[in-house]
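Please look through the sequence and the model below. The paragraphs that follow lead from the strands to the ligand and then to some backbone details.

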Amino acid sequence: MYKFNEIRSVGKSERIQNTSFVDVSGIYGRDEDKNTLLRMLCESSEQHPHIISIIGMRGIGKTTIAQFVFNNNEVINNFDKVMWVCVLESFDEYKIAKTIIETLEGSTPNLGALESLFQRISRSIFGNKFLLILDDVWLDDYKTWEPFYHCLKNGLRGSKSLITTRKESVARMMESVDIIVVKVLPDEECWLLFRRLAFFGRSQ
Ligand SMILES: Nc1ncnc2c1ncn2[C@@H]1O[C@H](COP(=O)(O)OP(=O)(O)OP(=O)(O)O)[C@@H](O)[C@H]1O
Ligand SMILES: [Mg+2]
């Protein structure tokens, strides 16, 4: 009578597979977050693997900031390999490992045992300075994350992994060295964004 099933299915379909593509000229504000992140990504680091997390509430702009750095020339030139993986709620280890291999090797591996996928990732990143972006992570089970964490150690020192998540507990579980908390946009930038979306950039 109350259509609970329909309501639930609307809630479920709300999660979106974000890609790395963005129109950087359409990103308002965020100068401080962008600069902090650029510095974190490009400077050398004692930590290995070096995990950075962007956290904040739903829709606040975490993925947008990650897309910005992924497309930034300074970042691209700083790494041998850059990889974007949209993770989502399920944290499907096979899919994630497969996407990483596809990006590294340019070919789709047959889905063998997870062990062999990890070995391929280890071989491909060995001797490379990589940037891995894991967008929209919800996992809070360290056992699932642990093999990825150890595998990432095979990259060169200076490699970085960037995670976006709504949950601080996820950032902590993944052993983030740095955490950027994304806050609400200032009113002025909110208005510019609203105006562009609602009135196609017209002021009234
Ligand atoms: N600074 C910004 N300038 C312009 N558009 C923005 C900005 N921040 C966010 N947006 C827009 O707002 C929407 C939500 O942003 P985004 O997907 O980055 O949020 P999120 O924090 O990753 O959300 P979620 O927790 O659901 O993953 C997107 O359409 C994005 O393009
Ligand atoms: Mg997001």
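Which handedness does the β-α-β unit made by E3, helix H7 and E4 have? The model is a predicted one, and in it strand E3, helix H7 (residues 142-152) and strand E4 form a right-handed β-α-β unit. The two strands of this unit also pair with each other: E3 and E4 (residues 160-165) run in the parallel sense, joined over four bridges. Within that pairing, leucine 134 is set opposite isoleucine 163 of E4.

E3 has another partner in strand E2 (residues 81-88). This pairing is parallel too and extends over seven bridges. Here valine 85 faces leucine 134 of E3. The cut-off for burial is 20 or more other C-beta atoms within 10 Å.

The ligand site comes next. Around ligand 1 there are 18 residues, and Tyr28, Gly61, Lys62, Thr63 and Thr64 come nearest. Helix H3 (residues 62-70) supplies the largest share of this shell, three residues. Sorted by class, the shell holds five nonpolar, eight polar and five charged residues.

Some backbone details remain. Most residues other than glycine have a negative phi, and most peptide bonds are trans. The peptide bond from histidine 48 to proline 49 is cis, its omega being near 0°. Proline 49 sits in the loop between helix H2 (31-42) and strand E1 (50-55).

Arginine 30 is not a glycine, yet its phi is positive, at about 70°. This residue belongs to the loop between helix H1 (4-12) and H2. Because 18 other C-beta atoms lie within 10 Å, arginine 30 is partly exposed.

Glutamate 175, likewise not a glycine, has a positive phi of about 60°. The loop that holds glutamate 175 lies between helix H8 (168-173) and strand E5 (178-181). Glutamate 175 has 15 C-beta neighbours inside 10 Å and so counts as partly exposed.

Conventions:
Residues are numbered from 1 along each chain as its sequence is written. Chains are lettered from A and ligands numbered from 1 in the order in which they are written. This is a predicted model: local features need pLDDT of at least 70, side-chain atom pairs count only at pLDDT 80 or more; totals for chains, interfaces and linings use all residues. A residue is near a molecule or strand if its C-beta atom, placed from the backbone, lies within 6 Å of it. Ala, Val, Leu, Ile, Met, Phe, Trp, Tyr, Cys and Pro count as nonpolar, Asp, Glu, Lys and Arg as charged, and the others, Gly among them, as polar. Two strands pair if DSSP finds at least two bridges between them. A crossover is right-handed if, with the strands pointing away from the viewer, the path from the first strand over the helix to the second runs clockwise. A residue is buried if 20 or more other C-beta atoms lie within 10 Å of its own, exposed if 12 or fewer, and partly exposed in between; C-beta atoms are placed from the backbone.
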